[in-house]
Amino acid sequence: MRTAAALTVLTAGLLASVPPPTADTPAAAPSILPPLPEAGGRPEVPAQSPRNASYTMKARLDPGAHTIEGTLVLEWRNVADVPLQTFPFHLYWNAFRNNLSTSARGEGRRAARARAGERGFGYVQVRSVRLARGEGAETDLTTTMRYVSPDDGNPDDRTVMEVTAPAPVPSGGTARFAIDWSARIPYGDVGRAGWVHDYHFIAQWFPKIGVYGKGGWNAHQFHPWTEFFADYGVYDVSLTLPRGFVVGATGTLRSRSENPDGSETLRFVEEDVHDFAWTASRRFREMTARFAEPGYPPVDIRLLVQPEREHLSERYLEATKIALRSYGTWSVPYPYGHVTVVDPAWSSASGGMEYPTLFTGGASVWAPPALQSPESVTIHEAGHQFWYGLVATNEFEEAWLDEGLNSYHEEKAAQLALGPVGWAKRYFGLTTPTRGRRGGWPVVAPGVWIGRGENDLSALREQGQTDVMARPAWHYLNPTSYTLNSYGKPALSFQTLEGLLGEEIMTRVLRTYARRHLYGHPTTADFIAVVNEVTGSDYGWFFDQTWFSSDLCDYAVSASNEPQRRPEGFVEAADGRLLLAERPREEETDPGRAVDGEVVVRRLGGVRLPVEVLVEFADGRTATASWDGKDRWTRLRYPGSRVTRALVDPAGKIALDVNPSNNSWVDEQGVARRAARKWTLRYLLWLQHLLELHTVAM
């Protein structure tokens, strides 16, 4: 059991392990995050989770038939303030039972399913459900079983099963459910779980009870692009399978025993988790490392890697350490003492997934360090151990609180520890529906680096107005909109919030949020409340503009320099007489003539955020201004000063700005002309080389 003291370890800062820069990779930017404040008011960290949904399971894998036979006993405590009599259970693999499930009807990878044929289908079949009533007494609930479809009413969807007890379980009371079931494992290229050759990744595989909250059961159907939600408990799982498999699982291995039939049984146990997943393959190569740095609880890292990617092992392990270090600084230190990293098999769709104390990575065999693969997916999935594993938000209804917050931190951690990611084009790749990995031979563009958040902006420009971000995941129009609103847009919004608050205050917000809701189910309202509390201000206006709106953010700046007007017409003399001032003979474009500079900042999108403006003048001076962004435009005047450059949001705080290219203006008479000449000469040089090459070829 972990103690509160182990979880309240303070971290002095983010001391990222940075590889030495090369000619092809830029040096990472050094950064030390502010330490957690010692002042009072910091939320206390609970010693353990509520543990109201604990499972003891036994399961046998038949790798030849691709089946699992299982039994479980669920110890469930009613933490609601009302008695409950009806209980829903998730049967996730029934999403792959046939082509009539809600997931199959909305799935975009029908071609892959067609290629898989019969093996692409899978199911969970519950044989019996019994309710313990005391010493040895049980009530058979099997006859009360029925399938429900709370999201769409699809009568053919069987991903949620419901049973009814003979009497309500009172508030604070407990119930013990005993369930026997069998399952057929789907082929690995049609779902997050499955098998490929002898590789098995087994996730969301057992009947799992829903979560009661907000006055009702939360047990949504399985949708093509939604993930999961469950209560915390203790998992005690015994797995039986043929000898010779290397097995990784949630929890620690407590025992291993050989059976007379040539199989072996492995028992894994973990406390204070809300799921259990496992993997088995004869091909795994096992690597280990230990994360042990001052200020952090030590963690044993176990990597199960495919033989063809064994050369990436050190990069997998180092990326995991980066995540444990950085996320432990920004939220709470990782408490479990161990984590298993799985390199998925080729053509498996299990890559890039997260489960308690176990996650999958993914990388191409050809993985230049500049592309940060497998580093990026490893940091992301290891990061889920914090925002998914320790702070269990509802991924069905509010995916952005997990995926978005994690994507924001993943990019930040990678930039600090590894520097910007390179850009490449892959050739000769096979089209495979894998997750977390891209195939093909990469050709890296030298010196072309992708900044933090830049990959998300193009999708935001194209799809940002399709859906409001804050909506259940299955309500988005299409998978592209889901991906944008669960990953890209929330990551950019968190980055923008950091720009507005400053890094130190943002870190305080996230630490407070993580510690207050450790082992909980926080909502969007909970996060906003923490922002308001830590800042001492109401930031509802920010979230109204971003999370609860489909408007885009786009600021643009332009400037001009007009010659100062000289008197023409009647003017007043010193003695008060009116004199006629004649039109000056010199041209209006006299280069020595004084000018008045003017800068116009426009809000082209619907999002209203405060922005800063930086103006540079010909004499070397600079000026700054702030604008609340509420109107469509504002004008800044600088009499007697020539503006040479103007920038809106010069520090790049507004990461949500979909068109950074219009955020700056440069005087055409100066830098712009020199730049044009520079690129013209470079183009002519390239053309000369091309013509010379063509001449030689002829």
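How much of the accessible surface of the protein chain belongs to carbon and sulfur atoms? The answer is 53% of about 30,500 Å². Those areas come from the Shrake-Rupley method with a 1.4 Å probe, and for residues only the protein chains shown count as cover.

Some ground rules. This is a predicted model, so local features need pLDDT of at least 70, side-chain atom pairs count only at pLDDT 80 or more, and totals for chains, interfaces and linings use all residues. Residues are numbered from 1 along each chain as its sequence is written, and side-chain values use heavy atoms, with hydrogens and water left out.

The overall picture next. The protein chain has twelve helices and 34 strands. Those are DSSP runs, numbered from the N terminus: helices are H or I with at least four residues, strands are E with at least two. Of the 698 residues, 53% are buried. Buried means under 20% relative accessible area, exposed means over 50%, and partly exposed is in between (1.4 Å probe, protein chains only). Now contacts, meaning heavy atoms within 4.5 Å. Take those between residues at least 6 apart in sequence: 74% join residues at least 24 apart.

Val365, Trp366, Tyr427, Phe428, Trp441 and Val443 make a nonpolar patch of about 680 Å². Patch residues have over 30% relative accessible area and no salt bridge; nonpolar side chains (Val, Leu, Ile, Met, Phe, Trp, Tyr) are joined within 5 Å, like charges within 9 Å. Phe428 sits in the loop between strand 24 (421-427) and strand 25 (441-450). Its relative accessibility is 78%, so Phe428 counts as exposed.

Now helix 7, residues 454-463. Its buried residues are Asp456, Leu457 and Leu460. They span an arc of only 110° around the axis, so they lie on the same side of helix 7. That arc is taken from the directions from the helix axis to the C-beta atoms. Asn455 and Glu462 are exposed on the other side of helix 7. The cover over the buried residues includes helix 6 (403-418) and helix 8 (479-501).

On to the rings. There are 42 aromatic pairs. Rings of Phe, Tyr and Trp (its six-membered ring) pair if their centres lie within 6.5 Å; planes under 30 degrees apart are stacked, over 60 edge-to-face, and the rest tilted. Tyr187 and Trp195 pair edge-to-face, at 4.8 Å centre to centre with 85° between the planes. Tyr187 is buried at 8% relative accessibility, and Trp195 is buried at 10%. Trp205 and Phe276 make a tilted pair, at 6.5 Å and 50°. That pair links distant parts of the chain, 71 residues apart. Both Trp205 and Phe276 are buried.

Last, charges. The count is 34 salt bridges, each a side-chain nitrogen of Lys or Arg within 4 Å of a carboxyl oxygen of Asp or Glu. Glu69 and Arg127 meet in one, at 2.8 Å, N to O. Glu69 is in strand 2 and Arg127 in strand 4, so this pair ties together parts 58 residues apart in sequence. Glu69 is partly exposed at 40%, and Arg127 is partly exposed at 42%.

Where do Arg192 and Glu227 stand, buried or exposed? Both are buried, and their side chains meet in a salt bridge at 3.9 Å, N to O.
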